[in-house]
Amino acid sequence: MSQTLPKTKSFRWKKTSLQLLDQRLLPQKTVWITCKTWQSVASATREMVVRGAPAIGCAAAYGVVLAAKQKQIPQALKGLLAARPTAVNLQWALERMEKIHNNFGMQNADCGIKEDINKKNQKSEIAALEAEAIAIETEDRLSNQSMGRLGSDLLPQNAIVMTICNTGSLATAGLGTAFGVIWSAHHAGKLKHVYALETRPYLQGSRLTAYELQQEKIPFELITDSMAAHLMKTEKISAILVGADRIAANGDTANKIGTYSLAVLAQHHEIPFYVVAPWSTVDLRTPTGQQIPIEERSTKEVLEVQGKSIAPKGARARHPAFDVTPSILIRAIVTDRGVVKPPFSNNLRLQHYRGPFSTLHS
Ligand code: MRU
């Protein structure tokens, strides 16, 4: 089967602006929004124009380039970080950008910068920040390819997989995380079928994953989240593949709400549960899942479906947008540095020091 690049892209850097595909309108409409300031990137992130852990990291990095042009880097670093709390990729990308900014600050302090060379220096800083943002995007794209290959190797021939949320090119800079594994397995001729969970309440599964699967001509059926147990019991599901927004040092993994219940069900049905995420999602500074901040989004997103009320007037709701899957339920974490197996506390740390492409066993 011939391999081509994925058909969907969620952001495009245009040097003076960042273009974002408005994911709130998919699949009905394809509208690109142009962001010329870091503030517009921050609000687009908050409002889910752009979403998915690696994609919001990339967008934030470009947001800092725009901020450099506005001479507002410190404000941007703070404002972009506050846009969404759970995905650590945002913090990771901003820390990389901050490092470049600090290096320039130090150089200026060292040579006691004068007004006339100030402009020249701002230009070089913008160029360096832009190069870093492009590197973040490129690395994510390449990491998707590595994870795709490694994850696909874990699957049997004629694999039937189940996935939640959207983890494809709309959520990353490339093929995707869990979706990248699905894509690679499909192109390796190993994949029979995908069950995509609709992912209530924001419907990333039905609006975005179904859209991407269809674009890539990958055989799939959409199911409601509540159908997962029944299908695990009655069909031969080979694996559950999910992405991640933050992986704690002990392997506990935050991902889209509903992931935890899938993991519990997978354990009961003895189906391997794989997390697929780039190393930028691994947060060794957070010891366990208990310390991961869980974003609470507007309850309107629960009480309404695409602007239409589905509950009695005055009904109260909750909307934790993510949950944490305890590492005990995870068979392996597929990263761009290799497939990490339990015990995760040990092996994630080892992998951190060892570098790419090795498989760690207990
Ligand atoms: O709220 P979202 O749509 O940003 O949530 C996205 C997810 O939970 C994904 O599974 C996650 O970012 C990892 S895959 C790129």
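The centres of domain 1 and domain 2, taken over C-alpha atoms, are 26 Å apart. Domain 1 covers 11–145 and domain 2 covers 146–354, with bounds that come from an automatic or database domain assignment. The contact takes 33 residues from domain 1 and 36 residues from domain 2, where contact means heavy atoms within 4.5 Å. This is a predicted model, in which local features need pLDDT of at least 70 and side-chain atom pairs count only at pLDDT 80 or more, while totals for chains, interfaces and linings use all residues. Residues are numbered from 1 along each chain as its sequence is written, and side-chain values use heavy atoms, with hydrogens and water left out.

The size of an interface is often given as the accessible area lost when the parts come together. Between domain 1 and domain 2 the buried area is about 2,800 Å²; this is the accessible area (1.4 Å probe) that two parts lose on being put together, summed over both. Carbon and sulfur atoms give 49% of the area. In domain 1, the residues that lose the most area to domain 2 are R51, T86 and N144, together 23% of what that side buries.

Polar pairs also join the domains. There are 29 residue pairs in polar contact between domain 1 and domain 2, both residues at pLDDT 80 or more. A polar contact is a pair of N or O atoms within 3.5 Å; within protein, one must be able to donate a hydrogen and the other to accept it, and residues adjacent in sequence count only if both atoms are side-chain atoms. Two salt bridges are counted between the domains, a salt bridge being a side-chain nitrogen of Lys or Arg within 4 Å of a carboxyl oxygen of Asp or Glu. E295 and R84 form a salt bridge in which the closest N and O atoms are 2.8 Å apart.

On the side of domain 1 that touches domain 2, helix 2 (53–70), helix 4 (88–110) and helix 5 (115–153) each supply at least two residues. Helices (H or I, at least four residues) and strands (E, at least two) are DSSP runs, numbered from the N terminus. The largest share of this side, seven residues, comes from helix 5.

N166 lies in the loop between strand 4 (159–163) and helix 6 (178–187). N166 counts as buried because its relative accessibility is 3%; buried means under 20% relative accessible area, exposed over 50%, and partly exposed in between (1.4 Å probe, protein chains only). The side chains of N166 and E212 are joined by a polar contact of 2.5 Å. Beyond its neighbours within four places in sequence, N166 is in contact with R51, A171, Q204, L208, T209 and E212.

D245 sits in the loop between strand 7 (239–242) and strand 8 (246–248), and T281 in the loop between strand 10 (273–276) and strand 11 (282–283). D245 is buried at 8% relative accessible area, and T281 is buried at 0%. Leaving aside neighbours within four places in sequence, the contacts of D245 include T86, A87, V88, N89 and T281. With that limit, T281 is in contact with residues including V88, N89 and D245. D245 and P278 are 33 residues apart in sequence and 9.9 Å apart in space, C-alpha to C-alpha.
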